[in-house]
Amino acid sequence: MKVKVLSRNPDDYVRETKHDIQRVPRNYDPSLHPFEVSREYTRALNATKLERVFAKPFLASLDGHRDGVNCLAKHTRSLSTLLSGSCDGEVKVWNLTKHECVRTLQAHGGFVRGMVVRYCGNSFFTIGDDKTIKQWKMEAPGYGEEEEPLNTILGKTVFTGLDHHQKSGVFATCGQQVDIWDEQRSTPIRSFTWGVDSFSSVRFNPVETELLGSCASDRSIVLYDMRESTPLKKVIMTMRTNTLCWNPMEAYCFTCANEDYNLYTYDMRHLERPIKVHMDHVSAVLDVDYSPTGQEFVSASFDKTIRIFSKDDGHSREVYHTKRMQHVICIKWSADNKYILSGSDEMNIRLWKANAAEKLGVLAPREREAVNYTQKLKEKFQHHPQIRRIARHRHLPKNIYHQKNELRIMKEARRRKEMNVRKHSKPGSVPVVSEKEKHVVSVVK
Amino acid sequence: MARVSRKNGNKKKLKGRCSVPLVGLGDQQLLYEEEEDSMDRGEEDIISSEEDEAEHERKRQKLLEGISTLGGKRKRAQGERSEAAVHMSEFSVNTDGGPGKVKLSDLIGIFEKNPAVPAKSRQQLNNLRRVKKSINSPLSKEETEKIQRDMAFQKAASEVSRWDSIITQNQRAKQLLFPLSQEPAGPRPVERLVAGWNVQTPLEQEIFALLSANKQPSTDPILTPAEEASVRAMSLEEAKIRRAELQKARALQSYYEAKARRDRKIKSKKYHKVQTKAKRKEFLKHFEQMVKTDPAAALQELNKMELARMQERMSLKHQNSSKWAKSKAIMAKYNEEARKAMQQQLEMNRQLTQKLVTPLNDDYEQDEGDTGETDLLPHFVNDAVDGRDASNPWMKGKLTEEPTQKQLNDTMTEAAQVVSTVAAEEEELEAEETEEEALLREFDSNRKLHQAQESDIAGGVFLEEMTEDRAAAEDSEVSDCLSEFTIISRGREKSFKDTEEFNCADFTDGSAQLEERLVRIRTVEDLELLHHDPSAEPGHPPTAKDPPSEEKHMGKSKKKKKGIELKEVLTKETNVIKVPLTPTATDSDDPESKLDQRELIKEAFAGDDVISSFLKDKRRHEDEGKPKVIDLTLPGWGEWGGMGLKPPKRKRKQFRVKSAPRPPRKDQHLPSVIISEKRNTSLTLHQVHSLPFPFEDHGQFESCIRSPLGRTWNTERTVKNVTKPRVVTQLGAIISPMAEEELLKNNNRAVAREGS
């Protein structure tokens, strides 16, 4: 008779210290784990639920302005500094970690129309309704010193938009025409005009730094090269574009915020049709900013919401709103890809998390692993109806909700009508026009 | 003022008037030159007097103006216009083509006759006369601007397209790391640390005081500018590539060295003899060539050989005078080997002292002798005998050296086949050479494999290590399966972009839309209460896919059924075996014990016939599933009805509806199983109804779902690999936009890949 005795090496199952994790011997043979899919499904479901429960994106509100916030500017070198300009000509510098205003200056007579921090981070430029461009030092003046701009340029017309070159001392303004300025000179080194129009914003391409894009009031988007004497190309859309933002990781892509509630992502080489149409807002989109990773962008709208879009998705992945937030005028995505800043009509600047359910601060390695794992699980099971239902649910204010439904119905009606027309007319006489092509009127060379 | 200008105009006209007839006269020009000069002088006089007059006039005008201003109203001076009359101008060309028309030949006719004009310019003018093409009129301003814009746009577009490769690479990458240009790991240079830091604590102060007292530089750069430049010039990846190359070279060198060392240590004289002979042969071959190509060098070599011969003749090295030779000579009487050795030495002496007239013949003879000797004893006999025991499983595992040895043997035999006439020793040599080559080839193949892998990764941020252990292989398998989704999705997106069919944005992205409601979620319970959206409601259950094939299948199975009659087999009585009552302490693994247990159970349930009841149950299920005949006849409809009256047969036939037969049951061939084919509707709520967007077929999706991610089912490494987040950012680091350096880096990488 054979007698078998259990004998195990204690090293295999005893921890060295009590702070170690319990060792769990595992057999990975798949035949021993028949329920792996269902177990993972449950985990994914739980993770999704927890994500929705922990989704608390609103972090802080910075109040202090005495009029609506008209423009925001990120500091190029410091993550914790934010600049904001309001409709009464006041500029405030904020410390984001402390949620407090560190400096206030009366920059202009009317609105502060635009603001940009120089690439070195030592000074910033503002433009206002008083037809001036002012350059200010980033540091606050010492005790007894007066708050004075380093440099003031008097323009002939009102400036409406401003942006600074990525690497050299050149900046661009727009108003009745697009001007390129050297910091050392008081007259523009180049000005572009193409027909009579007034421009609402101008942006330098951060990657291909000599290129610019601007939005004109004649519903067009115009591209420029700083080195050329003429503009490059112009695309005219059905409605006016308010602002545009270049993708910081893709040299030829930009997204523009349109009055027709949509955002359009273009490849600058093919302006005939946008790469993507991003829909979801229920009112005019006023501002757009890319995340520094170039994967997503955030938009601010007149409908009092902020939406986050993936650059390849037609619909938003997130919508932020609060009861007290009015029309959102300007929006910025912080340079570390973690936060979103919005300035709105009711004089407040709000700080949001870019990922609503993300835990802030340093994560322990095991915590990080757990987060990564749950993230992948959610991705894996995202098509399952129960999980999708929970992951996609968002609360919307009543009026926006109804407006959205209304829009949906209108759209559906239009589609149905078009279909009926097509059905009852000669085949081929009513062509199918895709959503992308619908909004582009023409491309002017 | 106006008048003055008019005067000047007059002057011009005068000059013109003078010159026009001159052109017409041509050769008389020279004669009149002097006259003209005098005329000009006269004119100048007139002009000067006129200027004086003008001066007076101006003063008068001023005076008049002054007077007029006194009146209060300022009178604007009327400007007088002066226009050149047509008949006076030399530049105007008459349209009527009259005698006044000036031709090019008229203008340049003079130069032909004028000897002062150089021949070259004359030639040019002649050429000009021949050309009759008129220059196109310039485009309008709008047109030119349009062209300029188009050109500029083309330029900008091509410039921007440089980024194409890097962008597609990033789109496909499994993981993206931000910020893009991360500071190199490792200690930072002192000067950068010290720059923004001032002395605070007393200890620090003391140290700095000491440093400054001893004139030690505190902020001196550790690296010289040149070193810094070199550090900057070489990126981490380049350095890695270079290091790998160096390692390889070093390894090769060490192989050679080891081989040389081994060669040197070989005691076999025969081997060395062969070696030297081979070398000599090689040399001679080389020498023959050299005689043809480079006679001077050949002569030198010849001299060297002659010198060696002379030395040999001078010395007594290979004659029987050395200590060893003497001892051998003593031994020679008794020992065969010693005698042989002596003879060999003498032979050597003879060889060396021979004149180098016919070295080839000699060698040939010797070679023949060698082959005769070695043919008797092929080299592979000497190889270690394969002493492995086939029955012993432990001996089946191969040692690491064995494959190479085997390969060596192989190559050796190959060599033997190819060059059968060459001596075996030389064969060995060659084999060793081939070994070297094989090694190199292996290296090459390895490198190629590695490259292929790299290219497969296609711009992934991380270069995956090539590992051969099983775990890693598993890893890659699993991760492949999981990354399938992302890769597919990206690929599909790309293709979508390319094809661009009819895709309204809202239709293609319908799945991506948020479900925005008026309900706010605060707890997990809220989530449970979320109502389902109608689109997520399950559709109709999928019906049988391909009835024809199924039917065929059924037909076949019917035939089979008759032969097997499984049910009968099962319903047979089980014969009970008497179990001995003695207790047995055996392992549960014993098959006999299992059998016993089964019988025990049978014994316990002897009363109720489980099997037959199961079969009944199954038959009932089958019957339920069978399509039923529906009788729709209405008795009394169209004829008499009542007790004992039946509708006619024709009607009964007409109104009986037979539904189509169901597809065969899944448990048809499984006698001991009942598979319920009723759909559980509560499950469908949790199932995916349609194939999600990036996937192309059900298999892909199912395999993606089937492969688990967690560490309960995977090794640690697999989990790490599989759960890598797509975008990684550094906490508190500013992510700056993509810079030109990235492009350069990418280009360098591509170049390196092509080069290696």
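The secondary structure of chain A comes to 5 helices and 30 strands, in what is a predicted model. Of the 445 residues in chain A, 54% are buried, and among the contacts in chain A with a separation of 6 or more, 49% are between residues 24 or more positions apart.

**The interface of chain A and chain B**

- The size of an interface is often given as the accessible area lost when the parts come together.
- Between chain A and chain B the buried area is about 8,600 Å², and carbon and sulfur atoms give 59% of that area.
- Chain A brings 94 residues to this contact, while chain B brings 90 residues.
- Across the interface the rule finds 8 salt bridges, and one of the salt bridges between the two chains joins Glu516(B) to Arg307(A), with the closest N and O atoms 2.6 Å apart.
- For polar contacts, the count between chain A and chain B is 30 residue pairs, with both residues at pLDDT 80 or more.
- On the side of chain A that touches chain B, helix α1 (residues 36-54) of chain A gives the largest share, with 9 residues.
- Sorted by class, that side of chain A has 41 charged, 33 nonpolar and 20 polar residues.

- His321(A) is found in a loop of chain A, where the chain passes from β25 (316-320) to β26 (328-333).
- With a relative accessible area of 16%, His321(A) falls under the 20% cut-off, and His321(A) is therefore classed as buried.
- Leaving aside residues up to four places away in sequence, His321(A) touches Lys304(A), Thr305(A), Trp352(A), His395(A), Leu396(A) and Pro397(A).
- One of these neighbours, His395(A), has its backbone oxygen 2.7 Å from a polar atom of the side chain of His321(A).

**Helix α6 of chain B**

- In helix α6 (residues 164-172) of chain B, the buried residues are Ile166(B), Ile167(B) and Gln169(B).
- An α-helix has 3.6 residues a turn, so residues three or four places apart point the same way.

Terms used: Residues numbered from 1 in each chain as written. Chains lettered and ligands numbered in written order. Predicted model: local features only at pLDDT ≥ 70, side-chain atom pairs only at ≥ 80, totals over all residues. Heavy atoms only, no water. Buried < 20%, exposed > 50% of the residue type's maximum accessible area, 1.4 Å probe, protein only. Helix = DSSP H or I, 4+ residues; strand = E, 2+ residues; numbered from the N terminus. Polar contact = N/O pair within 3.5 Å; in protein donor to acceptor, adjacent residues only side chain to side chain. Contact = heavy atoms within 4.5 Å. Buried area = accessible area lost by both parts, 1.4 Å probe. Salt bridge = Lys/Arg side-chain N within 4 Å of Asp/Glu carboxyl O. Nonpolar A, V, L, I, M, F, W, Y, C, P; charged D, E, K, R; others polar.
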